[in-house]
Amino acid sequence: MAVGSYLIPFSFFSVSRSRHLRRSHPLQQELERLNIDNLHTWEPKRSSRVCEGAVTSVEARPEADQRRQEREREREKHPKHMAEATAPPADTWEQTTQKMVAVLVLTETSQLLWSMNQSPSENNRSSLKKGKTIRMGQRALQRVPPSLPSRTPSLPPPSSSSPSLRCAPSSRRPLRPRAMSSHIVGYPRIGPKRELKFALESFWDGKTGAEDLQNVAADLRRSIWKHMAGVGIKYIPSNTFSYYDQMLDTTAMLGAVPSRYGWESGEVGFDVYFSMARGNDSVPAMEMTKWFDTNYHYIVPELGPSVKFSYASHKAVEEFKEAKALGIDTVPVLIGPMTYLLLSKPAKDVDKSFCLLSLIDKILPVYKEVLTDLKSAGARWIQFDEPILVMDLDTNQLQAFSDAYSHMESSLAGLNVLIATYFADVPAEAYKALTSLKCVTGFGFDLVRGLETLDLIKVDFPRGKLLFAGVVDGRNIWANDLSASLKTLQTLEDIVGKEKVVVSTSCSLLHTAVDLLNEIKLDKELKSWLAFAAQKVVEVYALARSFSGVKDEAMFASNSMRQASRRSSPRVTNATIQHNVAAVMKSDHRRSTKVSARLQAQQKKLNLPPLPTTTIGSFPQTADLRRIRKEFKARKISEIDYVQAVKVEFEKVVKLQEELGIDVLVHGEAERNDMVEFFGEQLSGFAFTSNGWVQSYGSRCVKPPIIYGDVSRPKAMTVFWSSMAQKMTERPMKGMLTGPVTILNWSFVRNDQPRYETCFQIALAIKDEVKDLEKAGITVIQIDEAALREGLPLRRSEQELYLDWAVHAFRITNCDVRDTTQIHTHMCYSNFNDIINSIINMDADVITIENSRSDEKLLSVFHEGVKYGAGIGPGVYDIHSPRIPSSEEIAERINKMLAVLDSKVLWVNPDCGLKTRKYSEVKSALSNMVAATKLIRSQLNKS
């Protein structure tokens with residue numbers, strides 16, 4: 001049921017369970033407050049009728065709308081007469097709506113309590129604890145806004161052409177708004193409280209079985225589908241859920257399992273699936289890299305001419321049937337064949353020049369089998385995600401794309417076909433190839449990041465095709481400017497016709513947080529500016545409804561007020577910070593001494609051995625450590641106790657590294673929850689959520705900060721902790737900072753000014769911290785830029801500008817340090833070869849960089865003759881896998897590096913931080929790393 005800007009699923013149970021609540025019970029008290037005597041017998045006092053599948057208010061019919069407007073006009077002419085003649089309803093609309101919501105929430109809550117009392121199942125008793133249920137009901141009541149519109153919302157009348165819509169006053173079903181012309185590209189699968197993460201990790205640890213994991217996954221899928229259906233979305237996606245990654249799901253579907261995992265035929269099960277994702281005791285995982293320019297990571301397929309493709313995972317069909325059994329007709333989503341192949345790589349034993357597109361004819365038969373199964377299951381639509389089309393594809397690649405879909409044309413007969421693109425503009429050549437396809441019903445475009453695509457649509461859009469207009473941002477958390485989006489839709493209406501426009505998200509909502517309702521600590525003003533995935537679904541429906549001619553004036557007015565509030569809020573802008581940033585742009589901020597001279601000065605001071613060993617920063621975050629931080633935040637322990645507990649952890653980490661023989665130490669970051677959040681909490685202009693989690697890969701979730709205003713550093717952030725750690729050892733202790741570009745790219749960034757201005761503000765704040773660390777005697781300072789590559793625009797024509805300001809921002813942070821202060825940076829899990837010159841231009845003294853999981857792809861750039869004069873540490877083992885490499889394996893990797901890098905600049909380190917690993921794994925892996933380094937050192941001494 002639609003209520004202003006809120007959409008409320010409305011249902012009754014046939015048996016009243018309020019009798020199971022004691023009079024003193026909080027839920028019974030809520031019933032009394034609203035004058036509801038019985039959950040079963042209460043009805044709204046406005047006349048309404050309940051029919052199968054729909055509810056229509058008498059005042060919501062078109063003729064009633066006309067009569068109401070006539071009454072309003074009469075009231076304006078004769079206010080006194082109309083006041084006497086028009087009797088007010090028994091309840092206001094706001095009161096009626098509150099009672100409807102209360103009936104829903106309290107009935108379902110009391111049902112849970114009743115079930116607990118009736119069922120002896122221990123599982124039910126443990127999962128439906130009384131206090132938790134009460135809190136759930138009370139939180140759900142908060143969905144009702146403090147002030148609802150007085151206007152009764154218009155609800156669609158039941159279709160007169162459908163004989164099944166009989167009035168059924170005795171049996172009430174959940175009500176669903178009429179599905180408008182609306183679509184969601186995809187939805188977060190991790191769960192509002194990271195339910196999938198915990199289920200996965202419990203399964204991996206052997207604490208639960210496959211059935212437990214599958215049950216959690218099924219519950220999540222069901223709740224997602226029901227949410228979209230309840231809101232009124234017409235085109236609801238399925239097969240966007242994944243246990244790890246959608247590209248890995250496609251690899252399983254195609255049976256493209258690398259031979260090292262021992263799979264030969266049959267359905268790909270969890271053992272093989274998770275071995276590909278995480279590795280196992282005997283073989284390493286597949287490569288993982290960034291999904292286009294997002295912080296999401298995908299598992300890179302390994303292909304070659306000998307791969308035998310087969311239909312090995314029926315997940316897409318099974319999930320479609322699962323939704324259908326719930327009464328929800330979905331649009332199955334598949335990664336398109338072009339995107340899959342062009343994001344793959346040649347397998348390890350295949351020549352790197354192998355043309356991946358040569359496999360197109362081998363994978364299309366599997367796609368056809370999937371399509372046949374989907375049609376047999378009753379699917380009417382299919383969505384192919386082809387984001388690769390926003391990249392710079394050549395003529396041969398575009399021809400292969402056209403040929404592929406033409407080849408599938410017979411299999412697509414009987415299906416409506418949507419091809420979705422996202423993340424950027426579609427180039428003119430790709431747009432032409434896409435819109436020329438005969439077998440396609442609709443085309444999806446990102447109209448948030450792809451504004452130039454709108455110009456192409458204006459010039460030429462195929463007649464009779466549907467345009468899925470991505471006007472709701474799927475990659476940020478700011479509330480949509482509904483009026484602006486509606487204007488865009490109206491522009492499209494003039495081009496393609498109203499009936500051919502479908503309102504959609506710009507991309508999958510996978511890249512945003514799940515539900516704003518879970519945020520109870522954000523202040524009201526800031527919260528009013530935001531919309532998470534659940535709210536964006538509502539925005540899509542509201543836009544579709546308004547576009548169809550049923551505009552919710554109250555919702556649009558509220559949205560305009562919130563947009564204006566954000567623009568005018570004094571907490572957003574700071575004139576001093578803006579002035580400082582303007583001054584920064586006048587210099588390039590390079591250090592005055594060349595890196596070769598700096599390295600000599602640093603070696604005299606640090607006296608490091610050849611092939612110095614180090615780690616990237618973090619050490620395992622144990623349950624006890626997380627508990628201590630949580631208790632300190634909740635003020636259950638004192639600051640003195642907290643500092644002492646962290647100090648003990650520092651001492652443990654320092655002692656372990658000294659015992660292992662690590663040369664340059666880290667303190668392990670026990671005081672930090674996240675490498676971005678830790679800094680954002682101490683900078684102005686940042687806000688933080690409680691449950692704004694976003695999936696990064698597998699079970700790994702991040703909680704991006706929200707940058708809502710100008711950024712500055714009120715006080716030192718890390719000096720106290722770094723100084724404490726340095727006093728524990730005679731060896732160099734790194735001061736650990738996160739760089740400005742990474743903080744920017746791993747945050748939800750304000751969209752009211754250019755990103756580079758925000759980045760420069762952060763850079764100035766980090767610069768102040770670097771100065772303070774140096775003053776405190778820290779001689780090695782690491783400024784991580786793990787996310788520099790992922791911010792790179794997808795189109796080559798836009799990349800140079802980004803790299804210029806991103807590299808400049810990094811140089812700002814350390815341009816004033818002494819030559820003897822060694823500046824490190826770190827980058828992880830991305831493709832760096834094409835930006836190696838920009839990495840050199842960063843002018844860091846030492847860079848540590850991911851290398852092992854990508855099959856040492858990084859080393860190829862040095863084989864090609866690139867000279868790197870600074871220190872460099874390509875990772876020698878993958879920390880995202882529980883597998884422990886042998887010292888022989890690591891030694892072999894070091895020797896490969898020495899074939900292209902001078903031993904004077906080579907460092908030895910893992911791929912990334914150790915936060916996600918267990919101490920048992922860390923000790924063994926680092927011990928083998930040091931042993932391998934010592935072996936190579938001895939060989940170098942002999943030569």
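Me: What sits over the ring of tryptophan 204?
Reply: In this predicted model, the charged end of arginine 278 sits over that ring, at 3.9 Å from the centre of the ring of tryptophan 204.

Me: And how does tryptophan 204 pair with phenylalanine 274?
Reply: Their ring centres are 5.5 Å apart and the planes stand at 80 degrees, so the pair is edge-to-face, the cut-off for that being over 60 degrees. Since tryptophan 204 belongs to helix 7 (residues 195–204) and phenylalanine 274 to helix 10, the pair ties together parts that are 70 residues apart in sequence.

Me: Are those two buried or exposed?
Reply: Tryptophan 204 is partly exposed, with a relative accessible area of 21%, whereas phenylalanine 274 counts as buried at 6% relative accessibility; the cut-off for buried is under 20%.

Me: Which residues do ring pairs link into a cluster?
Reply: The cluster takes in Phe203, Trp204, Phe241, Tyr243, Tyr244, Phe270, Tyr273 and Phe274.

Me: How many aromatic pairs does the count come to?
Reply: The count comes to 29 aromatic pairs. One of them joins tyrosine 235 and tryptophan 381, whose ring centres are 5.0 Å apart with planes at 65 degrees, so this pair is edge-to-face. Tyrosine 235 is in the loop between helix 8 (210–231) and strand 5 (236–238), while tryptophan 381 is in strand 11 (residues 381–385), so that the pair links distant parts of the chain, 146 residues apart. Both tyrosine 235 and tryptophan 381 are buried.

Me: Switching to helix 9, why is it described as largely enclosed?
Reply: Helix 9 (residues 246–253) has 8 of its 8 residues buried, so it is largely enclosed by the rest of the structure.

Me: What do those buried residues pack against?
Reply: They pack against helix 10 (270–278), strand 7 (297–299), helix 11 (315–325), strand 9 (330–335), helix 12 (337–342) and helix 13 (360–376).

Me: What about the ends of helix 9, what caps the N-terminal one?
Reply: Aspartate 245 caps the N-terminal end, with a side-chain oxygen 3.2 Å from the backbone nitrogen of methionine 247. Just after helix 9, glycine 255 takes a positive phi of about 65 degrees.

Me: Last one: at what angle do helix 18 and helix 21 pack?
Reply: Helix 18 (residues 482–496) and helix 21 (residues 553–568) pack at about 120 degrees, and their axes are 8 Å apart. Leu482, Ser483 and Leu486 of helix 18 make the contact with Met555, Phe556, Asn559 and Ser560 of helix 21, and by class this contact has 4 nonpolar, 3 polar and no charged residues.

Definitions and conventions:
Residues are numbered from 1 along each chain as its sequence is written. Side-chain values use heavy atoms; hydrogens and water are left out. Buried means under 20% relative accessible area, exposed over 50%, partly exposed in between (1.4 Å probe, protein chains only). Helices (H or I, at least four residues) and strands (E, at least two) are DSSP runs, numbered from the N terminus. Contact means heavy atoms within 4.5 Å. A polar contact is a pair of N or O atoms within 3.5 Å; within protein, one must be able to donate a hydrogen and the other to accept it, and residues adjacent in sequence count only if both atoms are side-chain atoms. Axes are lines fitted to C-alpha atoms, for helices over the stretch in contact, and angles run from 0 to 180 degrees between N-to-C directions. Ala, Val, Leu, Ile, Met, Phe, Trp, Tyr, Cys and Pro count as nonpolar, Asp, Glu, Lys and Arg as charged, and the others, Gly among them, as polar. Rings of Phe, Tyr and Trp (its six-membered ring) pair if their centres lie within 6.5 Å; planes under 30 degrees apart count as stacked, over 60 as edge-to-face and the rest as tilted. A charge sits over a ring if NZ of Lys or CZ of Arg is within 6 Å of the ring centre and within 35 degrees of the ring normal.
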